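Subject: Structure handover

Hello,

Here is the structure I said I would pass on. Please open it next to this email, and read the notes below with it in view.

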Amino acid sequence: MKQCLLFKLAGFTVIASIGGLTQASERGGSSYPMGAENYMAGAMPPPGVYGQLFVTHYEADTFRGNHGQKLPMDFDIRVDCVAPRLIWVTEQQILGGNLAFHIIVPLVDLKVSLNGQTQSNSGIGDIIFAPALGYHFSEKLHATFAIDTIAPTGKYDRNDLANTGRNYWVFEPVIALSYIDPQGLNVDVKTMYDFNRKNDATDYLSGQELHMDYAVGWGLGNGWVIGVGGYALWQTTDDRQNGQTVEDNKGRSLAIGPSIKYTSNKGWFVTAKWQDETQVRNRPDGNAYWLKLSIPF
């Protein structure tokens, strides 16, 4: 299936009150967990029902400003998440592609420390659901197109340091491509564009974001693929609060690290990676571990 989502920063909120950081509560995180996807991002499976499980651990102790500088605050965040995903690929074809549906319900455990204050929170995060169309252009080249919806189902309080939800809707067009060769080159790119709605509790509208998860590896012919993976993020429009533009607050980040996949001859596969963030602007700077397991029912 095209994309597999999970919440690295599903509800990360930092209430920062020191100079120049008053807007970081909205810009500090994104509804989509950057880098969640890995190999097989654009390869929709045959008609049937499938289960996937995502597990992640993310941690950061640095928050970077508009010029990449480490901001002068005592900051630390730790996020653990388990997210089951249900996928139904139908026999129905629309515009030549197989129609499918998916839903993800993330279970988030979050701890944030800021300038001597610490708060932990856990619970359901913001749920993701969507229809999708999957295409198989050849035995090796595959694509999936979707419009994901991220619903504000997680807990949110504007006065909390740690929230499991972000309190606004997101509409996210998705194009995912996969080139798969069991004995050669494997390339996966999932490109997304986020249209964020306003957080009514803070009258804050986060800017639109272009981001992509990627994986590049080499198939060894025995079910294993080894390579690298990560993500890239560019915020394309300014944030706005109370109708005013928030200047010099666009997020940016690049992450890379080792990535592997194992495919069983029984139809299930698992991917794993570690990614380190770099070139960070107006966001936390940390690293994450990701595990994805896909099983046909």
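Predicted model: local features only at pLDDT ≥ 70, side-chain atom pairs only at ≥ 80, totals over all residues.

Start with the strands. β7 and β8 pair in the antiparallel sense, over 10 bridges.

β8 and β9 form a hairpin, with 5 residues between them.

The two faces of β8 are worth a look. V170, E172, V174, A176 and S178 make up the covered face. F171, P173, I175, L177 and Y179 make up the uncovered one.

Next, the aromatic rings. A pair of rings is described by the distance of the centres and the angle of the planes. The model has 8 aromatic pairs. One of them is Y135 with F137, a stacked pair with 6.1 Å from centre to centre and 10° between the planes. Is each of these two residues buried or exposed? Y135 is buried, because its relative accessible area is 16% and the limit for buried is under 20%. F137 is exposed, with a relative accessible area of 53%.

Y135 also pairs with F145: the ring centres are 5.8 Å apart and the planes stand at 80°, so this pair is edge-to-face. Y135 lies in strand β6 (residues 128–136) and F145 in strand β7 (residues 141–150), so the pair ties together parts that are 10 residues apart in sequence. F145 counts as partly exposed, at 35% relative accessibility. Through these ring pairs, Y135, F137 and F145 are linked into a cluster.

The largest pocket holds about 500 Å³. It is lined by 30 residues, and those closest to its centre are M40, I180, K261, T263 and F269. Which strand gives the most to this lining? That is β17, with 4 residues. At least two lining residues come from each of β1 (48–64), β12 (224–235), β15 (252–263) and β17 (283–296). Sorted by class, the lining has 17 nonpolar, 10 polar and 3 charged residues.

Regards

Methods:
Residues numbered from 1 in each chain as written. Heavy atoms only, no water. Phe/Tyr/Trp six-rings, centres within 6.5 Å; stacked < 30°, edge-to-face > 60°. Buried < 20%, exposed > 50% of the residue type's maximum accessible area, 1.4 Å probe, protein only. Pairing = 2+ DSSP bridges. 1 Å grid on protein atoms, 1.4 Å probe; cavity = no way out; pocket = protein on both sides within 12 Å on 5 of 7 lines; lining within 4 Å. Points joined across faces, edges and corners; volume = space filled by probe spheres on them. Nonpolar A, V, L, I, M, F, W, Y, C, P; charged D, E, K, R; others polar.
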